[in-house]
Amino acid sequence: MYLPVTLKSKHPSGTKTFGLPEIHPIFLQFFLAASVSISFRMEGRKWEDINKDIFVNVLGRVGMESLLLDVPFVCKSWYKASREPQCWEHLIFPTFIKPDDIDDIWCEPEIPDRGFIERLEMTYQENLSATAFVKFIVNRSCGNATIIKLPGGCTEEALEYVANECPRLKGLAVGSYNEFINSIIVKFISKWKNLEMLRLGKYHLKEIIPEIGLHCNNFIWLAAPYTYIGKDEASALVSSLSELKYLDLHGGDFEKEALVMILQGCKQLVHLDISQSFGFDDDDAEIIELASHIPAFKCESSIITPDWLDDDYIDYDDLVYDSSFFY
């Protein structure tokens, strides 16, 4: 990743654009703190003189890890600013936090965000469970959270707390790590009248969609990758979310008739991703024609039947029966 930087020079064109390596948030924070601190000292100003709204807006963009483990320890002014609810409007939780019912999960070396969680527990001297951590962070927002990405291992208690304490929520990402949460989220949709965006896991789409249509009048964006899309799911989409603008169902398992129903019924779509899916070919003339009105339409690498279901693809001489696969 690179950051585009425009520099003035004596080149005939007047300017040149260079790509600089992306800076880790901690180093970026240190650089900004040092630069601003030097500027303030030269001008004889104090941190207390900085525009509070601008500063809080900047801190709200550094991410949860820096906001918890770096910013508060720079100085008293930064600590005070980091506690402002406006810094906690976008709550992007780490992918994995220790589940409530597991005593020691760190024996697994490849756990995502392990470094963040270890730093957190070391700094605050707390062995936080998923529920405790979600409540701790949501409390920081004081009801101002508008975007939340739940951690893996999220519990019903934590989700209910989010539902009750985040009435301004506009975007929610549940994720594939939370299969259980996907099955119960339907109970809480009515709490989020302002919800506009939702990312789900693989299941329970047809139960959730009618609730969204009933309670969330501003809803425009739905992602449910790797989901089975049959006639029931398509019918729910068309009848409850016909005004949907963004739909991501990539990697899905489609009944072609269901896909046709969606294309015919959701006329407001400006983005539809059904790439790498099963149930239709990516060069299907009917599908391409029906999707011609969608500015951003993706269906590449989609096929009717996956290779692993093709008898000609399987070498039965290499098959070994393993009964544990079914349990």
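## Basis of the model

The model is predicted, with local features requiring pLDDT of at least 70 and side-chain atom pairs counting only at pLDDT 80 or more, while totals for chains, interfaces and linings use all residues. Residues are numbered from 1 along each chain as its sequence is written, and side-chain values use heavy atoms, with hydrogens and water left out.

## Overall make-up

The protein has twelve helices and twelve strands, taken as DSSP runs (helices H or I, at least four residues; strands E, at least two) and numbered from the N terminus. Of its 327 residues, 39% count as buried, that is, under 20% relative accessible area with a 1.4 Å probe, protein chains only.

The accessible surface comes to about 19000 Å², and carbon and sulfur atoms hold 54% of that area, as computed by the Shrake-Rupley method with a 1.4 Å probe. Among contacts (heavy atoms within 4.5 Å) between residues at least 6 apart in sequence, 64% join residues at least 24 apart.

## Helix H10

In helix H10, which spans residues 231-240, the buried residues are Glu233, Ala234, Ala236 and Leu237. They lie on the same side of H10 because they cover an arc of only 160° around the axis, the arc being that of the directions from the helix axis to the C-beta atoms. Their cover includes helices H9 (205-215) and H11 (256-265), together with strands S7 (221-223), S8 (228-229) and S9 (246-248).

## Arginine 140

Arginine 140 belongs to helix H6, residues 130-141, and it counts as buried because its relative accessibility is 10%. Leaving aside residues up to four places away in sequence, arginine 140 touches Leu68, Arg83, Pro85, Trp88 and Tyr124.

Note on methods
Buried means under 20% relative accessible area, exposed over 50%, partly exposed in between (1.4 Å probe, protein chains only).
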